[in-house]
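Dear colleague,

I am passing on the structure we spoke about, with notes on what was found in it. Please read the notes with the structure open beside you.

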Amino acid sequence: MKILVTGGAGFIGGNFVHYMVNKYPEDMIVNLDLLTYAGNLETCKPVEGKPNYKFVKGDIADRKFIFDLFEKEKFDVVVNFAAESHVDRSIEDPESFVRTNVMGTTTLLDACNQYGIKRYHQVSTDEVYGDLPLDRPDLFFTEETPLHTSSPYSSSKAAADLFVLAYHRTYGLPVTISRCSNNYGPYHFPEKLIPLMISRALADESLPVYGTGENVRDWLHVYDHCVAIDLIIRNGRVGEVYNVGGHNERTNLQVVKTILKALDKPESLIKYVEDRKGHDLRYAIDPTKLETELGWKPKYNFDTGIQQTIQWYLDNKEWWQNILSGEYQNYFQKMYVDK
Ligand code: NAD
Ligand code: TDX
């Protein structure tokens with residue numbers, strides 16, 4: 001099979017490319033990425049030079065480029081990770097999220113339709129369901145939970161999901177969608193909670209916790225997300241949505257304190273800052289469909305996975321320190337220093 005993976009120089013796409021290139025030497029993996037601020041070719045280093053791997057730089061929303069690429073490469077499967085992915089950035093600049101997350105997705109769908117692709121998989125998020133109240137631990141998102149988004153980011157992802165499902169219903173395109181909870185693990189860009197807190201704690205800098213720190217996220221190791229997507233593209237039913245999550249709910253404060261403890265840093269580094277606008281309270285996934293239909297079972301629990309992840313950041317300082325010295329500094333200055 002020839003598989004197009006978009007966004008493979010980012011966090012989850014990068015981990016997925018490593019997983020697929022190593023697991024399926026007989027398949028060809030083409031990694032298409034625009035290399036935005038979040039894309040990093042250093043992330044692709046472990047697979048560079050492998051005979052079943054190729055990198056192409058380009059924009060999923062560039063129609064001519066995408067159609068030329070599909071004409072040339074004759075892909076069997078497309079897995080779309082490429083996105084603007086950070087909620088805080090979407091609050092500052094919603095339009096770039098519409099362009100990549102919505103128009104980029106419809107461009108790929110049109111190309112898949114024209115070139116008769118065998119499977120299009122959309123990597124979506126639990127954020128399309130909105131949030132759950134903090135005082136109802138009995139509630140979980142299922143695939144039937146109505147879409148009810150809070151941020152420009154989640155709205156753009158929900159819009160994309162609806163286009164994906166419409167292309168199935170209207171044109172019969174063989175699509176699947178996965179909606180995963182918060183990922184953590186290697187190669188996570190240091191604007192997101194876990195790598196941000198690790199890198200700042202190591203530098204003895206303050207750790208900006210939004211609001212009360214009581215908001216809850218449901219954490220899944222990126223490896224378990226990759227396994228789920230692989231299962232869905234091979235055995236998932238077309239036209240279906242699969243929730244992905246491992247029942248690892250933690251408050252943000254719990255996560256931050258776990259990181260401080262592992263690094264032997266004081267809790268006095270925690271600094272409560274202005275809350276995120278429209279901040280979702282709690283995410284919690286019910287993954288029963290994926291478990292019962294496709295036999296998916298996560299390998300990691302959060303308590304061991306987070307320790308391994310912290311160790312990865314300690315062992316790979318060069319990877320994230322290069323990022324912190326570049327363009328990200330301007331964004332960071334605006335978000336956390338100028339405020
Ligand atoms: P990321 O920001 O780390 O990576 C996104 C990648 O997409 C980058 O390499 C970037 O260069 C590339 N990209 C951006 N715009 C592009 C364009 N127009 N054309 C081609 N490439 C482009 O994001 P991530 O955290 O790895 O998320 C990947 C996908 O998974 C996203 O679709 C996101 O919505 C979804 N998701 C993320 C999480 C999470 O916890 N991070 C959870 C659930 C779902
Ligand atoms: O500095 C911070 N302080 C803080 O308290 C940052 C960056 C975040 N937070 C809070 C906000 C959230 O409640 O931590 C939580 C996690 O924040 P992010 O890492 O920004 O992730 P989140 O907003 O939950 O979204 C993530 O999971 C779902 C991904 O970025 C999305 O792409 C994915 O769809």
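**Helix α10**

In general, an α-helix has 3.6 residues a turn, so residues three or four places apart point the same way. The length of α10 also agrees with expectation, because its 14 residues (302-315) should span 20 Å at 1.5 Å a residue, and the end C-alpha atoms are 19 Å apart; the expected span is 1.5 Å times one less than the number of residues.

**How to read the values**

Please bear in mind that this is a predicted model, in which local features need pLDDT of at least 70 and side-chain atom pairs count only at pLDDT 80 or more, while totals for chains, interfaces and linings use all residues. Residues are numbered from 1 along each chain as its sequence is written, chains are lettered from A and ligands numbered from 1 in the order in which they are written, and side-chain values use heavy atoms, with hydrogens and water left out.

**Ligand 1**

Ligand 1 is surrounded by 28 residues, of which the closest are I12, D33, S85, Y153 and K157; a residue belongs to this shell if one of its heavy atoms lies within 4 Å. The shell divides into 13 nonpolar, 12 polar and 3 charged residues, and β5 gives the most to it, with 3 residues. Polar backbone atoms lie 3.0 Å from an oxygen atom of ligand 1 at G10, at F11 and at F81. The protein covers 97% of the 830 Å² of accessible area that ligand 1 has on its own, as given by the Shrake-Rupley method with a 1.4 Å probe.

**Ligand 2**

Around ligand 2 there are 21 residues, the closest being T125, E127, Y153, R276 and H279, and they divide into 10 nonpolar, 6 polar and 5 charged. An oxygen atom of ligand 2 is 2.7 Å from an N or O atom in the side chain of E127, and a polar side-chain atom of R276 lies 2.6 Å from an oxygen atom of the ligand. A nitrogen atom of ligand 2 is 2.8 Å from a polar backbone atom of P208. Of the 660 Å² of accessible area that ligand 2 has on its own, the protein covers 94%.

With best wishes

Notes. A polar contact is a pair of N or O atoms within 3.5 Å; within protein, one must be able to donate a hydrogen and the other to accept it, and residues adjacent in sequence count only if both atoms are side-chain atoms. Helices (H or I, at least four residues) and strands (E, at least two) are DSSP runs, numbered from the N terminus. Ala, Val, Leu, Ile, Met, Phe, Trp, Tyr, Cys and Pro count as nonpolar, Asp, Glu, Lys and Arg as charged, and the others, Gly among them, as polar.
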